[in-house]
Amino acid sequence: MQRVFSGIQPTGIPHLGNYLGAIRSWVTLQETYDSFYCLVDLHSITMPWEPEKLRQQTLVTAACLLACGLNPDRLYNQSAVSTHARLGWIFNCVSRLGWLNRMTQFKDKAGKNRENHSAGLYVYPNLMAADILAFHATHVPVGDDQRQHIELANDIAQKFNHDMGVEFFPQIQGLIPPHAARVMNLRDGQKKMSKSDPSEQSRIILTDKEDDITLKIKRAKTDSEPLPGEVEGLKDRHEARNLITIYASLSDKTPEAVLQEFGGNGFGQFKKALTDLLIEKIVPIAQETERLLSHEDHIISLLRKGAETASTVSEPIVSEAERLVGFLR
Ligand code: TYM
């Protein structure tokens with residue numbers, strides 16, 4: 001059976017971009033693939049962090065994922081399974097500086113002040129490759145922003161195989177959804193929806209209540225033109241395109257079909273329908289998350305069990321990689 005692996009940083013409450021770009025397909029894929037999903041806390045300390053906040057956000061993220069329907073047996077936090085860091089170190093020594101220098105996400109996150117960022121942020125993609133390959137996973141469901149990291153993981157796997165003269169690590173395939181692979185910021189349609197944007201109005205989060213959703217969609221930026229009847233009419237209308245994509249993705253329709261329904265009208269009627277749809281899809285997740293969070297110990301014990309399974313599966317793979325490298329065992 002082919003294996004799926006994916007991860008999310010517990011750096012904040014998961015938002016609609018995480019949901020439509022990744023989490024929703026994780027829930028579907030676990031039906032047909034042997035799947036592992038990981039709260040990548042080792043990745044979360046590549047940027048400045050507060051320990052108590054990290055602990056709390058890991059619990060909230062776990063609760064959100066469980067509320068979305070993820071299998072509790074296959075969910076765990078990365079730092080509890082040592083194979084990630086062990087293979088990550090080997091990959092630090094396989095990957096090339098030239099490859100890392102091309103990573104656009106590092107450039108975006110580090111900005112102008114490169115010198116003052118952690119070394120961890122720079123080698124982050126090597127650890128991400130290790131996350132996937134420690135499980136010999138072949139399919140990785142992610143949003144569009146992870147495309148370059150998947151390519152790098154394949155380069156690392158290939159170089160390892162070539163240097164050790166083996167066919168050990170498999171080729172990885174990113175599974176990127178056809179729509180909503182890049183959900184944009186509600187206040188600025190040219191920026192990605194992200195956990196780190198200072199404005200809470202810029203994103204719908206999976207713990208939002210009815211009132212939050214209503215207000216955020218009411219305030220979501222639009223333009224003064226009526227909605228077009230066809231997708232071509234959305235070109236250069238970033239905010240309108242984003243809202244239509246969100247609606248289409250949540251209702252499992254194509255953007256074309258959504259525009260057939262709402263094209264020719266202003267945003268009023270459409271925003272009302274979008275608000276209702278978001279409330280229908282997100283509020284039950286928020287309620288279940290809240291219920292789960294009232295039993296923190298239960299979440300912790302589920303994660304521990306998930307970590308045991310993840311260790312059992314990844315340990316022989318990483319031990320073999322260590323043996324191939326020449327470590328005495
Ligand atoms: P992270 O935590 O930033 O995001 C988790 C998942 O959500 C997707 N995503 C989005 N999709 C659509 N629109 C958006 N605005 C949006 N924002 C985020 C991301 O593409 C991702 O799939 N490096 C990864 C975590 C990671 C990982 C891995 C993923 C670590 N190891 C191994 C896959 C396999 C990250 O920072 O995701």
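In this predicted model, His84 is a buried residue, with a relative accessible area of 0%. His84 belongs to helix 4, which covers residues 83–94. The chain that holds this residue is divided into domain 1 (3–181 + 295–325) and domain 2 (207–291).

- Leaving aside neighbours within four places in sequence, His84 is in contact with Phe5, Cys38, Leu42, Tyr76, Gln78, Leu127, Ala130, Asp131 and Phe135.
- One of these contacts, Cys38, is a residue of strand 2 and is itself buried.
- Glu31 is located in the loop that runs between helix 1 (16–29) and strand 2 (34–39).
- Between the C-alpha atoms of Glu31 and Asp188 there is a separation of 36 Å, and the two residues are 157 residues apart along the chain.

**Strands 1 and 2**

- Strand 1 (residues 3–8) pairs with strand 2 in the parallel sense, over six bridges.
- Within this pairing, Ile8 stands opposite Leu39 of strand 2.
- Six of the six residues of strand 2 are buried, so the strand is largely enclosed by the rest of the structure.
- In a regular strand, side chains alternate between the two faces of the sheet.
- In strand 2, Asp34, Phe36 and Cys38 point one way, while Ser35, Tyr37 and Leu39 point the other way; all are buried.

**Strands 6 and 7**

- Strand 6 (residues 184–185) and strand 7 (residues 188–192) pair in the antiparallel sense over two bridges.
- The two strands are joined by a hairpin through two residues.
- Asn185 has Asp188, in strand 7, as its bridge partner.

**The two domains**

- The centres of domain 1 and domain 2, taken over C-alpha atoms, are separated by 30 Å.
- At the contact between the domains, 13 residues of domain 1 meet 13 residues of domain 2.

**Nonpolar cores**

- The largest nonpolar core has 59 residues, and the residues with the most contacts inside it are Leu16, Tyr19, Leu75, Phe270 and Leu278.
- Helix 12 (residues 267–293) gives the most to this core, contributing eleven residues.
- Domain 1 and domain 2 both give residues to this core, so it lies between them.
- Another core, of 42 residues, lies apart from the largest one; among its residues are Ala137, Ile150, Ala157 and Ile172.
- Tyr19, in the largest core, touches Arg24, Cys68, Leu206, Leu250, Ile282 and Ile285, not counting residues up to four places away in sequence.

**Helices 10 and 11**

- The axes of helix 10 (residues 238–251) and helix 11 (residues 255–262) come within 9 Å and cross at roughly 110 degrees.
- Because angles of 65 to 115 degrees count as roughly perpendicular, helix 10 is roughly perpendicular to helix 11.
- On the side of helix 10, the contact is made by Ile244, Tyr247 and Ala248.
- On the side of helix 11, the contact is made by Pro255, Val258, Leu259, Glu261 and Phe262.

How values were computed:
Residues numbered from 1 in each chain as written. Predicted model: local features only at pLDDT ≥ 70, side-chain atom pairs only at ≥ 80, totals over all residues. Heavy atoms only, no water. Helix = DSSP H or I, 4+ residues; strand = E, 2+ residues; numbered from the N terminus. Core = buried A, V, L, I, M, F, W, Y, C linked by side-chain atoms within 4.5 Å. Buried < 20%, exposed > 50% of the residue type's maximum accessible area, 1.4 Å probe, protein only. Domains from an automatic or database assignment. Contact = heavy atoms within 4.5 Å. Pairing = 2+ DSSP bridges. Axes fitted to C-alpha atoms, helices over the stretch in contact; angles between N-to-C directions. Parallel < 35°, antiparallel > 145°, perpendicular 65-115°, else oblique.
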